[in-house]
Structure formats: C-alpha cells, structure tokens
Amino acid sequence: MRLMTWNINSLRLRLPLLQRLGEEQAPDIICLQETKVPDALFPAAPLRELGYDHQHFLGMKGYNGVAILSRHPIRPIEATPDWCGKSDTRHIGVVIDTTTGPVMLHDFYVPAGGDIPDPAVNDKFAHKLAFLTEVTAWFRENPPIRSIVVGDLNIAPLEHDVWSHKQLSTVVSHTPPEIERLNAWAATGFVDAMRLVVPPQEKLYTWWSYRNRDWKLSNRGRRLDHVWLTPDLQPALTNLNVLRDVRDWDSPSDHVPVVFDLDLSAA
DNA sequence: ATGGTGGACCCTCCA
C-alpha cells in the first residue's frame, strides 16, 4: 500500500500537479493539507477520474482544510475532537480495512503559529501550543494501535530538520516549547518514520519558503511535514521518499509530497 | 532589521 502526504496549498489551483503525481507515483491513498476549499466546492469528480473514488474531506473558505483520497474503501472517523473549539478544519481520520486488520490514518494540519514565539503576545502561537497540548492529551487517552499520523505539523523538531539550528531556534517552527510539545505527542506511541529512513544527522527538508530568489541554491528548508507510525506498523515500512523535485514543477506548493510504502503482510 | 512571494478574496488575512 502506497501512501502520500502533501500540503498542496490550494487543491483547486494545483489539481494538475496532483494528476501528475497520481500518474507518476500511483499512491493508493493521498492525504492533503491546506486544501483551501469549502466542502460544497470540493472537486470530487476530477479526483474520481484520477482513480480516487473514496474521499473524505473537511474544508472551509479560504484557509486550512484537509482531505483523504483513496483507491480503496475507507471508513471516516466521525468522532474527531473539535480542537480548541475552533472548527477550523485541521484534522480528519479514516480507518483502512486491510487483509491483516484495520489501520487508523490521521491527517493533520497543525497551526503555523504566526511570527512571534511568545504565547503572551501572539494569539496564533498560543493556539499552536494549545492545539498540540489538546491533541497529545487525546492520544494519551486513546493510545494508538496500528495507527499512522501524517501531515503538516508545522514543526521541525531535530537539529538537521532545519538549515540552521542556531538561527532558527528563535523562529516559530523550531523553538523549544513547540518541539517539546511535538515530542510529547509522538511519545504517546509513535515512531518518526522519515528518520528511520534518513538518518537524523543528515539534513532533510519538506518545505522551502516562496520568499527566496532561488530555493534550491539557498536551500534554506525545514522538515515541517511528518509521517509517524505506531511501532506495530514499523516492520511494514519498506520505502519512504521526499519528492523534492516537485518543488520545481510549474506553480509549485511551498511544501513537497512525502510518499511511503507499507507492506501490511509484514505487520 | 527588513523584506522577500504566493493563495484566497473583498482589501486584508494567512503562510
């Protein structure tokens, strides 16, 4: 089973890129963030034409929005919490019924957190921290089994998840309070699948700002997108790839897709 | 220290 996660930064604008990814990578399941489309306007028909007959999505006007597209039947999880009481369409989940049993898949878009890393003066940063705290409490109360978390978590936790650990330690996405909370969330029962494949001492990014003359030359990236697995699924992981080249496609997202393969007969 | 670019949309917000 091949899965992909991608912050697409407008699903409607980048449908052609998604089509190309569908053809070149042939994922069974695609998890999207920042779809920026209300449910009533979701482009269900063109996505069915790409082979994704099974769709679960939650969006709003202008901001945020998540979607899970699948070639195989999926069962939406209806009982997901309304994080921070904001109804701001940052999380959906589905159950995938496989030959070796059900697998739970969560798709998250964590708040970016604004510019100033101080919750006392920046409501967006306070929201980001509160969101992480709530999600962590929920996973503690509902210990994950045969579960996957993917998405734009908007935090680069490790030294080599950013281009300069020193310079970014005061920049939202790589500050200690965020990293501490992200680690606490992961500690509810997940392993970092990307770092199982790419050693932590190697630089690894999934996002490069639009505000760079030449993203590839300056290479000031961050690993904001994540794939987490519960340890029971770890033996099933056979491949994982950050599709860096997609950052150079026409009219790209500032995030690139991450694709990974699970052989569930091994778990 | 600043500003740089891009998407949505009602002109400013968000990343």
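Contact here means heavy atoms within 4.5 Å. The model is predicted, so local features need pLDDT of at least 70 and side-chain atom pairs count only at pLDDT 80 or more, while totals for chains, interfaces and linings use all residues. Residues are numbered from 1 along each chain as its sequence is written, chains are lettered from A and ligands numbered from 1 in the order in which they are written, and side-chain values use heavy atoms, with hydrogens and water left out.

View 1. Tyr-52 lies in the loop between helix 2 and strand 3 (54-58); helices (H or I, at least four residues) and strands (E, at least two) are DSSP runs, numbered from the N terminus. With a relative accessible area of 1%, Tyr-52 is buried; buried means under 20% relative accessible area, exposed over 50%, and partly exposed in between (1.4 Å probe, protein chains only). Apart from neighbours within four places in sequence, Tyr-52 is in contact with residues including Gly-22, Ile-30, Leu-47 and Arg-71. From C-alpha to C-alpha, Tyr-52 is 14 Å from Met-1, and the two are 51 residues apart in sequence.

**View 2. Two nonpolar cores.** A nonpolar core is a set of buried Ala, Val, Leu, Ile, Met, Phe, Trp, Tyr and Cys residues joined through side-chain atoms within 4.5 Å. The largest has 33 residues, and Ile-68, Leu-105, Ile-148, Val-227, Leu-229, Phe-260 and Leu-262 have the most contacts inside it. A second, separate core of 22 residues includes Leu-17, Ala-44, Tyr-52 and Trp-249.

**View 3. Glu-34 in its loop.** Glu-34 is in the loop between strand 2 (29-33) and helix 2 (44-49). Glu-34 counts as buried because its relative accessibility is 14%. Beyond four places in sequence, the residues that Glu-34 touches include Asn-7, Ser-10, Asn-64 and Tyr-109.

View 4. A residue is near the strand if one of its heavy atoms lies within 4 Å of it. Of the 14 residues around DNA strand B, Ser-10, Leu-13, Arg-14, Tyr-210 and Arg-211 come nearest. Of the atoms of DNA strand B that come within 4 Å of the protein, 62% belong to sugar and phosphate.

**View 5. Polar contacts to DNA strand B.** A side-chain N or O atom of Lys-124 is 3.3 Å from a phosphate oxygen of DNA strand B. A polar backbone atom of Tyr-210 is 3.2 Å from a sugar or linking oxygen of DNA strand B. For Arg-211, a polar side-chain atom lies 2.4 Å from a base nitrogen of DNA strand B.

Terms used: Polar contact = N/O pair within 3.5 Å; in protein donor to acceptor, adjacent residues only side chain to side chain.
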